[in-house]
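I opened my notebook today to look up a few things in one protein model. Come along and follow the entries in the order I made them.

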Amino acid sequence: MIKISEEKIKKIVSNILEKTKELNESQTDSLINSIVKKEVSSALISEKDLFEGIKYDVYTRTVEYSPIENNVNTSIQDNPTVDITEIYPNVQVWSIFQRKNTPGLIGYDNKDGNPLLYAFKGEDGWKFKTQKDKNKFIYLFEQIVKKFLATHNSDITVVIPSGSSVNTLIADTIKHYKKDTSIVNDLLRKLTVEEVWENIDALDSPFRKKFGRTRHDYEDAMNDMKKAFNKMKRLRNGKFTYHFLPINKPYREYITQSLACDEFSRGKYAKEIYQHNILLLDDSISRGQTIKNACDILNTFQPKSITVLTMFSKRK
C-alpha cells in the first residue's frame, strides 16, 4: 500500500476547495474525482522513484531495471549521495548510485560488488537482460551526473585507471555536460602485482607488521595474496586491483599503495593541477584505499581542492 503524505493530502483538499466554489453537485463530484486521480497518480510516481533499483537473476546472471526493488538505489531524486565518513581530509566523496547489501548473491560472499556494477563492467558473465534495461540505467546515470555538475565546479577531471570502461563512461558524460573541463586519463597508473608484492613483503611494510607477527599468520596471508595476485594476472593483465582481495579479511587496509605517478606525467600536468579544483573519478568505493592513494599523489601537486565522484557508493 502506498502512503500519501499529509502535505499531499492538504494539497488535494486545497485544490478541491478552490475549484468547487461555484459548481453544482454533479460538477463538483466530477472535478473531485479528476483532482484526486491526478494527485494520487503523482504521489505514486514519486513513491516509485524513491525505490528505483534492480532485479537480478543469479542463474542467468542478468540485471534488469525495476521500479520497486531497491538492491541498488538508482533514483534521480535520492542521488547523488555524499559519504558521511571522512575518507580523506578535506575531500568529499560523492556517488551516483547507492550500492546496497545484495541478498541471495550466491558465491559472492567474499566480494564487495553488486550485480549492476558487474553488468556495467561485463564481469563474471553478468549482463543487462535487454538493451532497454541498459538504456534505462544509462539515462538515470546521466541525469544524476548532470545534477551533480549543477552544484560542483571543477577545472580538471582526473580518471583513476580501471580494468573496465566504467570510469571512461563517467568521464565522457562529464565532458558532454561540461565541455570546458579537461579530462586527464594518464596522470595515474596502476601498480603491477609484482610491484605491490615487493611493497608488502618489505620488512617495514604495514602489511608485514600486521600479518607477520607469527610465521603461520604471515604464510596464511601471503597464500591469500598469491591466489588473488594470480587472478589479477589472468584477468587484469597483471595490474593490481583491490577487487580480488577477500573482504572478510582486513588486507586492504594494509596495502597502502596501488597507484603511481611517473615523472613524465608529473611534469606534464604540474601546472594544470596546481591551485586548481580537481574532480577525481573511480567506478566504486569499498574501503577507500585507492581514493586515498590517488589523493596522496594529487596533493603533491598542491591543488586548490579535490572532490571525488564514483559510480557506486560503499555498500549500505
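**Entry 1: a charge over a ring**

I began at Tyr 65, where the charged end of Lys 136 sits over the ring, 5.1 Å from its centre. Keep in mind that I am reading a predicted model.

**Entry 2: the whole protein**

I stepped back for an overview. I noted 10 helices and 12 strands. Of the 316 residues, 46% count as buried. I also checked contacts between residues at least 6 apart in sequence, and 72% of them join residues at least 24 apart. The protein exposes about 17,000 Å², with 49% of that supplied by carbon and sulfur atoms.

**Entry 3: aromatic pairs around Phe 207**

How many aromatic pairs are there? I wrote down 15. I picked Phe 207 and Phe 211: their ring centres are 4.8 Å apart and their planes are at 50°, so this pair is tilted. Both residues belong to helix H7 (residues 206-211), and because they are four residues apart there, about one helical turn separates them. I reminded myself that an α-helix has 3.6 residues a turn, so residues three or four places apart point the same way. Phe 207 and Phe 211 are both buried.

Phe 207 also forms a tilted aromatic pair with Tyr 251, at 5.9 Å centre to centre and 35° between the planes. Tyr 251 lies in the loop between helix H8 (215-235) and strand E10 (259-260), while Phe 207 is in helix H7, so the pair ties together parts that are 44 residues apart in sequence. Tyr 251 is buried, as is Phe 207.

Next I followed Ala 221, which lies in helix H8. Is Ala 221 buried or exposed? Its relative accessibility is 1%, so Ala 221 counts as buried. Setting aside neighbours within four places in sequence, I found Ala 221 in contact with Phe 207, Phe 211 and Tyr 251.

**Entry 4: the largest pocket**

I looked up the largest pocket, which holds about 470 Å³ of space. It is lined by 30 residues, and the closest to its centre are Thr 241, Tyr 242, His 243, Asp 283 and Thr 290. Helix H3 (115-121), strand E11 (277-284) and helix H10 (289-299) each supply at least two residues of the lining.

**Entry 5: helix H10**

H10 made me curious, and I found it mostly covered, with eight of its 11 residues buried. Among the buried ones are Thr 290, Cys 295 and Leu 298. What covers the buried residues of H10? I listed, among others, strand E5 (92-99), helix H9 (263-273) and strand E12 (305-312).

Most residues other than glycine have a negative phi, and most peptide bonds are trans. I went looking for exceptions. A cis peptide bond joins Asn 79 and Pro 80, with omega about 0°. Pro 80 is in the loop between strand E3 (72-73) and strand E4 (81-82).

Arg 61 has a positive phi, near 55°, and lies in the loop between strand E1 (53-57) and strand E2 (62-66). Gln 302 also has a positive phi, near 55°, and I found Gln 302 in the loop between H10 and E12. Its relative accessible area is 46%, so Gln 302 is partly exposed.

Definitions and conventions
Residues are numbered from 1 along each chain as its sequence is written. This is a predicted model: local features need pLDDT of at least 70, side-chain atom pairs count only at pLDDT 80 or more; totals for chains, interfaces and linings use all residues. Side-chain values use heavy atoms; hydrogens and water are left out. Buried means under 20% relative accessible area, exposed over 50%, partly exposed in between (1.4 Å probe, protein chains only). Contact means heavy atoms within 4.5 Å. Accessible areas come from the Shrake-Rupley method with a 1.4 Å probe; for residues, only the protein chains shown count as cover. Rings of Phe, Tyr and Trp (its six-membered ring) pair if their centres lie within 6.5 Å; planes under 30 degrees apart count as stacked, over 60 as edge-to-face and the rest as tilted. A charge sits over a ring if NZ of Lys or CZ of Arg is within 6 Å of the ring centre and within 35 degrees of the ring normal. On a 1 Å grid over the protein atoms alone, a cavity is a set of points where a 1.4 Å probe fits but cannot get out, and a pocket is an open set with protein on both sides within 12 Å along at least five of seven lines; lining residues have an atom within 4 Å of a point. Grid points are joined across faces, edges and corners, and a volume is the space filled by probe spheres set on the points.
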